[in-house]
Amino acid sequence: MFGRLHTSIARRPQWLVPGEAKQCFRNATAFALVRHDVTYVEGFALDPALPIPLEHAWLIDDKGQVIDPTWDDNIGHVYCGVPFERDFVARLMEQSGGECGLLEHRLLRQHANSHQQFEQKVAATF
């Protein structure tokens, strides 16, 4: 399993300008591609007020703490996702014409011909 549990932080960093609602992939990618102190993550997040986990994208800092550029209040949320290296995210976005969402849009599967190759590409991002 490549997903990791991440903890949310109580306050957003001062540099974080919240992104547009329901655009988590675009919001997280926008920061991940230009900031060297965060890592792009995709997976599932659970808001305690909702009964099901949602596909989501966010950032983590060097301590593995969640920085969510989309959801206003992430205290108490549970995040489980796969972190991706910046260069890998940039390459896949370039190849897809700027489309955000590596797992959501199955971009990884388009670039891996087998289960083993998929695992190698994901493992190479750690």
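**Aromatic pairs, salt bridges and burial in a predicted model**

The structure holds four aromatic pairs. Here, rings of Phe, Tyr and Trp (its six-membered ring) pair if their centres lie within 6.5 Å; planes under 30 degrees apart count as stacked, over 60 as edge-to-face and the rest as tilted. One of the pairs joins W71 and Y79, whose ring centres are 6.2 Å apart. Their planes meet at 45°, so this pair is tilted. Both W71 and Y79 are buried (buried means under 20% relative accessible area, exposed over 50%, partly exposed in between, with a 1.4 Å probe and protein chains only). Another pair is formed by F84 and F88, with ring centres 6.0 Å apart. The planes of F84 and F88 are at 10°, so the pair is stacked. F84 is buried at 1% relative accessibility, and F88 is buried at 8%. Ring pairs also link W58, W71 and Y79 into a cluster.

This is a predicted model: local features need pLDDT of at least 70, side-chain atom pairs count only at pLDDT 80 or more, and totals for chains, interfaces and linings use all residues. Residues are numbered from 1 along each chain as its sequence is written, and side-chain values use heavy atoms, with hydrogens and water left out.

Side chains of opposite charge can pair when their charged atoms come close. A search of the whole structure finds two salt bridges (a side-chain nitrogen of Lys or Arg within 4 Å of a carboxyl oxygen of Asp or Glu). One of them joins the side chains of R12 and D72, at 3.8 Å from N to O. R12 lies in the loop between β1 (4-8) and α1 (24-32), and D72 in the loop between β4 (65-67) and β5 (78-84), so the bridge ties together parts that are 60 residues apart in sequence. Helices (H or I, at least four residues) and strands (E, at least two) are DSSP runs, numbered from the N terminus. R12 is partly exposed, with a relative accessible area of 25%. D72 is exposed, at 65%. The C-alpha atom of D72 is also 9.5 Å from that of G19, a residue 53 positions away along the chain.

The other salt bridge is between D37 and R35. Their closest N and O atoms are 2.8 Å apart. D37 is partly exposed, with a relative accessible area of 38%. R35 is partly exposed too, at 23%.

Helix α1 is mostly covered. Seven of its nine residues are buried. They are C24, F25, N27, A28, T29, F31 and A32. The cover over these buried residues includes β2 (39-46), β3 (54-60) and α2 (86-95).

The surface carries a nonpolar patch made of L5, L46 and V78. Patches are made of residues with over 30% relative accessible area and no salt bridge: like charges are joined within 9 Å, nonpolar side chains (Val, Leu, Ile, Met, Phe, Trp, Tyr) within 5 Å. Together, L5, L46 and V78 have about 270 Å² of accessible area, by the Shrake-Rupley method with a 1.4 Å probe, where for residues only the protein chains shown count as cover. V78 lies in strand β5. V78 is partly exposed, with a relative accessible area of 41%.

Note on methods
Contact means heavy atoms within 4.5 Å.
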